[in-house]
Amino acid sequence: MTKEEIQKQIFQAVETVKQTNPMVGSITNTVTINFVANAQLAVGGSAAMVYLPEEGEFLAKASGAIYINVGTLLPIYEQTLPHVAKVLHDTGKPWVLDPVAVGIGSMRTHLLRQFKDYKPHVIRGNASEIIALAGLWKLDGGAAISKVRGVDSTDSVIAAKTAAVSLAKWTGGAVAVSGKTDLITDGTVIAFSYGGSHFMPKITGAGCSLGGVIAVYLTAASPFIAALTGTAVYNLAGTRTEKKVDGPGSFQIKFLDELYKASAGEIANNPFEIEEV
Amino acid sequence: MTKEEIQKQIFQAVETVKQTNPMVGSITNTVTINFVANAQLAVGGSAAMVYLPEEGEFLAKASGAIYINVGTLLPIYEQTLPHVAKVLHDTGKPWVLDPVAVGIGSMRTHLLRQFKDYKPHVIRGNASEIIALAGLWKLDGGAAISKVRGVDSTDSVIAAKTAAVSLAKWTGGAVAVSGKTDLITDGTVIAFSYGGSHFMPKITGAGCSLGGVIAVYLTAASPFIAALTGTAVYNLAGTRTEKKVDGPGSFQIKFLDELYKASAGEIANNPFEIEEV
Amino acid sequence: MTKEEIQKQIFQAVETVKQTNPMVGSITNTVTINFVANAQLAVGGSAAMVYLPEEGEFLAKASGAIYINVGTLLPIYEQTLPHVAKVLHDTGKPWVLDPVAVGIGSMRTHLLRQFKDYKPHVIRGNASEIIALAGLWKLDGGAAISKVRGVDSTDSVIAAKTAAVSLAKWTGGAVAVSGKTDLITDGTVIAFSYGGSHFMPKITGAGCSLGGVIAVYLTAASPFIAALTGTAVYNLAGTRTEKKVDGPGSFQIKFLDELYKASAGEIANNPFEIEEV
């Protein structure tokens, strides 16, 4: 794909979402659940969140795509997450996995290990999470010892390149590594997306809500294009918002405004570069 | 009641709430729980949220009214919700039911079916939810097959008129159907409330928080007046906020400001019409 | 300690946090969980929230300090909270307890009673909560009957003075009583901190997020200094924010901006007085 072809597909993904208002179900953490829903609505999607196995199955079937974030595990997740991931896999419904805080606790490890077979269409995380997940799945570039620090990354995006590529090759989907410059790969091509703001790590949920927004675009595009489109609108909105605010509270709010206002053409034209793996 | 008598009662409900700062307990979903609490505080109420059966019972007895929203069911709700609804019914304490996403999952269906006997004083929902609840309760105007799409409505408010009237007649309370024009009925009179904003469906929680605010007014007014007062302040604040913002993030925030600033006289004068059933 | 020595330590606590970005884990309520995290980030900390016993233990060991808020109890808390409190006590890791709504329900009472032996380094609450907790722990100044009204206080800060002092003497840490004027004590000295805003009780989470922020400072200062530093930045940010907004929605957002912008010198110079017990 040329850069122009990619831009055309980004444009198309954004337009389709704005026109079809696709339903995207989520099972996500309670810290940023509101921000995830509002970000999904801001880009043109429709949001619904659940906790129970049966309701997750319902949403998996009724939604165009699903977002699963393991941030704040509840006891019921031991049943809900494998069940819903299996339904997604068996029905071929696209989904995004956000392996938040991989390495904390045995239930999290056990759940994330099971997801290997259910092959999420997009995996989104910071560099440390991507490296740790590849390690957990025994893929190239993974580390046996997680360097995840709570929800923060202690690794640079480029250090996660091999892990991202091997995860994408395994799933046949795409991987998005969030950081100062974002890396998106489908296992054969790597895109670097530019923009964003120094305020993004100063608010909670910039990463989670990006995962939720990628799931929205996943209803209208390939995993690679969906991950790149979500990342592009985040970088664009981040850059624009930073110019208008002087603190993280206002950033969080105006950022939603900019997500809403960004046009398909502007998102397609957000700076990015591509290279072969 | 004449329109003037209704306006006088709306004025009185708003004033009483501002003066008495009534406590209103809620059992509600985790997506919009913060927005519900902040909206209840903005209009002059006091908020408290719980999950456990015994704590729900405590709040049901200690509060002036209760708000129950079945948005994100947790396993414990199987015990909490019927127990609290029974306490509310047995003690005659007024409460608002928000039958979010009725039709998704068997626990939700089972819980909502049980609520028929506990007769919520106000039922608030979008048109599809009201039609589906009437169907679940086998009342006139209900549909056997829910057209609820996650948390969105696919039906128009006016299509829910018969269902709303039959639900109100069954409970002896009031029903509020939220949409472009809002319909409120006590089974004998129908009020249409005007205003609002195109941003309201672009944020999560406009409907939930209205349910919570109606519960606040329910401490100081009849179900019909409480539902109409809550709807009126939402329409007024929505109209005012839309003029000040250019995106849904700012809308959400300034909307709380406008809820806070709206006076009893302004709320009573928000446009509405009444007709006999 | 002289006032100047205290100010020097406040300055140092703020600077250390801004430079080290300390990780602080929380087990807290779902109503204000997002606001707690964003406030912790705004002052320079890093946030992570969990529900499960094992994950709480992990965070207790990996964090510089822990924040425990009993606002919205879930069934799993019966296991999580005593387990994590024991780990904190056994490892000497500092933690903040927010005894929200003490007196509501038997699980809450049972959990809070157990915490007596685990001696939280800082206890933060409104006057009624502090009095009720002292009563529950059978300490001087406590009342057998809780006057807690949901999450609100019905007592004045000064009425909680004896209870605050006896709680601080028992734990060997500090107690912060939030109100119009805030009272902080380590059992031998009392500080009164001035500032804040009439909007603070009009938003949900002003108290919870203060507890979370005190936990951030607890990674870099004694319990008394951490409690005073957190209270000071809240009073400073509250005063500044009130001048810029006309409603509680905007207050909540701009308040986070002011938390972020407040310098160590400004926080150290926020008005306070000290007196011997």
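Me: By class, which residues make up the lining of the largest cavity?

Reply: The lining of the largest cavity has 15 nonpolar, 13 polar and no charged residues. Nonpolar covers Ala, Val, Leu, Ile, Met, Phe, Trp, Tyr, Cys and Pro, charged covers Asp, Glu, Lys and Arg, and the others, Gly among them, count as polar. This is a predicted model, in which local features need pLDDT of at least 70 and side-chain atom pairs need 80 or more, while totals for chains, interfaces and linings use all residues. Residues are numbered from 1 along each chain as written, chains are lettered from A and ligands numbered from 1 in the order written, and side-chain values use heavy atoms, without hydrogens and water.

Me: Why is this space called a cavity, and how many of 30 Å³ or more are found?

Reply: On a 1 Å grid over the protein atoms alone, a cavity is a set of points where a 1.4 Å probe fits but cannot get out. The search of the whole structure finds 1 cavity of 30 Å³ or more. The largest cavity holds about 360 Å³ of space, the volume being that filled by probe spheres set on grid points joined across faces, edges and corners.

Me: What makes a residue part of the lining, and which residues lie nearest the centre of the largest cavity?

Reply: A lining residue has an atom within 4 Å of a point. There are 28 residues lining the largest cavity, and those nearest its centre are A:Asn34, A:Gln252, B:Asn34, B:Gln252 and C:Asn34. Two or more lining residues come from each of helix H2 (33-42) and H10 of chain A, helix H2 (33-42) and helix H10 (248-261) of chain B, and helix H2 (33-42) and H10 of chain C. A helix here is a DSSP run (H or I) of at least four residues, numbered from the N terminus.

Me: How do you know that chain A and chain C are in contact?

Reply: Contact means heavy atoms within 4.5 Å, and 31 residues of chain A meet this condition with 30 residues of chain C. Chain A and chain C bury about 2,400 Å² between them, with 58% on carbon and sulfur atoms; buried area is the accessible area (1.4 Å probe) lost by two parts on being put together, summed over both.

Me: Why is the pairing of A:Arg108 and C:Glu55 called a salt bridge?

Reply: The rule requires a side-chain nitrogen of Lys or Arg within 4 Å of a carboxyl oxygen of Asp or Glu. The N to O distance between A:Arg108 and C:Glu55 is 2.8 Å, so the pair qualifies. Across the interface of chain A and chain C there are 2 salt bridges. On the side of chain A that touches chain C, helix H5 (106-118) and helix H10 (248-261) of chain A are the elements that give two or more residues. H10(A) supplies the largest share of that side, 5 residues.

Me: What salt bridge is found between chain C and chain B at C:Arg108?

Reply: C:Arg108 pairs with B:Glu55, the closest N and O atoms being 2.8 Å apart. Chain C and chain B share 2 salt bridges. Their contact takes 31 residues from chain C and 30 residues from chain B.

Definitions and conventions. 1 Å grid on protein atoms, 1.4 Å probe; cavity = no way out; pocket = protein on both sides within 12 Å on 5 of 7 lines; lining within 4 Å.
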